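Visitor: Hi, I'm new to this one. Can you walk me through a few spots?

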Amino acid sequence: MIAMNNPLAITAIVHAAPEAPLVLRGELPQCIRQAKELGYDAVEIHVIEAPTFPMGEVKAALRETGLHISAIVTGRIFTERGLCITSPDPQNRAAAMAEMRDYIDIAAELQATDGVILGWVKGNRRADDPEFDRLLAEQLRLLGEYAGSRSQTILIEVINRYETNLFNTAAELREFLTKWQPPHCRIHLDSFHMNIDEADMPAAIETAGDLLGYFHVADSNRLAPGRGHLDFAALFAALERVNYRGTISLECIPGPDGLATGAEGYSYLTEVLNRR
């Protein structure tokens, strides 16, 4: 029997495409209140633009509900503005790094418990650039040092091969982190991505081991857990074996109703985790 008390978080964003795997949509204070009503412990915020982030309103909603922020997500730096920390263009790289620092500042101001998620903004490995890994390691060193100075962690996401050619498995990312040792950087796994590229998902969690810093859940079809074929009991047992005490965050396609999806996800997760 699994008996885990990891915090449960739900993803939130002001607006996103219907098919995006982000559950709560709307003004962030409203999302925080909805997360509280659904039973979650925390909210994972996908920031669109740092300069317009409603810091005062979010802080007030957190005080009101007693919830906390698990992570700040940086994907919009790449998807909305095309910035990348390993771009061949030095100006693009500098802009991406500046925005990453802004997101780290938001996470620090909100006292995010797990850190800042770095996904697509890390870029793709370029076959014609033998120094790519060195550049990436240096950028992660700089970001990690800045995050550490603000009591935050960089959570590097393992993403499937159809979206990126860099860090498709836990083993690949662990090897990179072990070789280059960027400070305050940890592994972020996502059950949807793992189902594509990991031959043995519990073994991948064990490979991440003590470097595992964050865990996203969605089923094999990227719908709410329980809607596909993934064995979440086996995944959570692996998390327990590696003594993972971080957040388990629901990042899935919301379907026509994010609130219903959030409720369904919470019910399923608490049942499997024996938290009822």
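Visitor: What is V158 in contact with, leaving aside its neighbours within four places in sequence?
Guide: V158 touches F167, N168, T169, A170, L173, I187, H188, L189 and H193. Contact here means heavy atoms within 4.5 Å.
Visitor: Before we go on, what kind of model is this?
Guide: This is a predicted model, where local features need pLDDT of at least 70, side-chain atom pairs count only at pLDDT 80 or more, and totals for chains, interfaces and linings use all residues. Residues are numbered from 1 along each chain as its sequence is written, and side-chain values use heavy atoms, with hydrogens and water left out.
Visitor: OK, back to V158. Where does V158 lie?
Guide: V158 is in the loop between β6 (154–157) and α6 (170–180). Helices (H or I, at least four residues) and strands (E, at least two) are DSSP runs, numbered from the N terminus.
Visitor: Is V158 buried or exposed?
Guide: V158 counts as buried because its relative accessibility is 3%. The cut-offs are under 20% relative accessible area for buried, over 50% for exposed, and partly exposed in between (1.4 Å probe, protein chains only).
Visitor: New topic: which residues touch the most other members of the largest nonpolar core?
Guide: Those are I85, I154, L189, I205, F215 and F236, in a core of 88 residues. Helix α4 (residues 90–109) gives the most to this core, with 7 residues. A nonpolar core is a set of buried Ala, Val, Leu, Ile, Met, Phe, Trp, Tyr and Cys residues joined through side-chain atoms within 4.5 Å.
Visitor: And what about E99, which side chain does its side chain make a polar contact with?
Guide: The side chain of R81, at 2.9 Å. A polar contact is a pair of N or O atoms within 3.5 Å; within protein, one must be able to donate a hydrogen and the other to accept it, and residues adjacent in sequence count only if both atoms are side-chain atoms. E99 is found in helix α4 and is buried, with a relative accessible area of 14%.
Visitor: Last one: how do α9 and α10 pack?
Guide: Helix α9 (residues 232–241) and helix α10 (residues 258–272) pack at an angle of about 60°, with their axes 10 Å apart. That makes α9 oblique to α10. Axes are lines fitted to C-alpha atoms, for helices over the stretch in contact, and angles run from 0 to 180 degrees between N-to-C directions. Angles under 35 degrees count as roughly parallel, over 145 as roughly antiparallel, 65 to 115 as roughly perpendicular and the rest as oblique.
Visitor: Which residues meet there?
Guide: F232, A233 and F236 in α9 meet Y268, L269 and V272 in α10.
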